[in-house]
Amino acid sequence: FQFIYGYKWRENSRKDHEFNPVNVSFTSLGNESAAFMELLASNPFLKKSYEELFIAGASYSFTYNEQAVPDKRMQYFLHFTAETAGNAFSLAKIAGGIRPSPDDPSTVIGSVYSQFVKSGLDARAFLNLKNKNKMAVRFYAGVARPFGNSSVLPYTRQFFSGGPNSLRGFQINSVGPGTFLQDIDNRGFLHLGGDIKLEMNAEYRFNIYRFFKGALFADAGNVWLYRSSPVNTGGSFRFSGFMNEIAVGAGVGARFDVSFFILRFDLAIPLRKPWLEDGHRWVTDMIDFTDPTWRRENLVLNIAIGYPF
């Protein structure tokens, strides 16, 4: 369930705003399998993120977009978002003599409510070249922090990395947090998210024939926790060490671009795996396209609609 009340307005042809003073969502899990419940029981951090699924707060976003400006060789795009939740409920609880805390969380209509702040910045640049070729780069940074009534971000507000619009050399949402290895083959898609995200993407887009286009790309990034969790999930973000925990992938793409519809195929491989032992995280010397085992474990085909950014 989601209810949003707010305003959208265009300052000019390049600047858009959206302010939602009321942004309420509630998620209820049903038909939980025994395997899922066992997974939650073994991971208190993940279990907590699924408990606090009542979110009530406000959000704001600002978009600056030059892509519609004709004949501009260098075009820029900027998207900033900010969200906060749970503060009004906590103020009401405090006024009533109750101080919310993660150890004894307060509830609203029988559900534990989330309390956090979150912001994100998506910055892009597009260099238009000859013959309608293009160089596109993106930098994304996001940070969120639970506080007051919450010790963990709700699952729906966490940051994730990996997949067709992220690090394409890795399975969707499978990277991080930090040096944590999400063992998809043995445990399925655990999909642990993080409180902090950094991501960089670069893509050279070129024409092949009419609506058939190609691309060469490289992606780098990861997600981290704001602080260490009770279980081994890769540790927390550290300024002194986060660069050594960056995942890197690269690949080639084919796109069918008929202007109103874009079908995208991106084939990528990982070049750096942050969960490996320090000093052995670059895996470029292990690339072997003739080895079926290597292909099965490393080739990732992403099929998507639209460009990744």
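Phenylalanine 3 is partly exposed, because its relative accessible area comes to 44%, which falls between the 20% cut-off for buried and the 50% cut-off for exposed. Keep in mind that this is a predicted model. Phenylalanine 3 sits in strand β1, so that strand is a handy place to start.

**The nonpolar patch**
- β1 gives the largest share, with four residues.

**The sheet**
- There are 11 strands in an open sheet, and their pairing is antiparallel.
- Reading across, the order goes β1-β2-β3-β4-β7-β8-β9-β10-β11-β12-β13.
- β1 and β13 (300-305) are the edge strands, each with a single partner, so one side of each has no neighbour in the sheet.
- From one strand to the next, the twist averages 15 degrees.

**A closer look at β7 and β8**
- Strand β7 (residues 116-128) runs antiparallel to strand β8 (residues 134-146), and 13 bridges join the two.
- Across this pairing, alanine 123 stands opposite phenylalanine 139 of β8.

**The helices**
- Helix α2 covers residues 44-51, and its buried residues are Phe45, Leu46, Lys48, Ser49 and Tyr50.
- What do the buried residues of α2 pack against? They pack against α1 (34-42).

Note on methods. Residues are numbered from 1 along each chain as its sequence is written. This is a predicted model: local features need pLDDT of at least 70, side-chain atom pairs count only at pLDDT 80 or more; totals for chains, interfaces and linings use all residues. Side-chain values use heavy atoms; hydrogens and water are left out. Buried means under 20% relative accessible area, exposed over 50%, partly exposed in between (1.4 Å probe, protein chains only). Contact means heavy atoms within 4.5 Å. Two strands pair if DSSP finds at least two bridges between them. Axes are lines fitted to C-alpha atoms, for helices over the stretch in contact, and angles run from 0 to 180 degrees between N-to-C directions.
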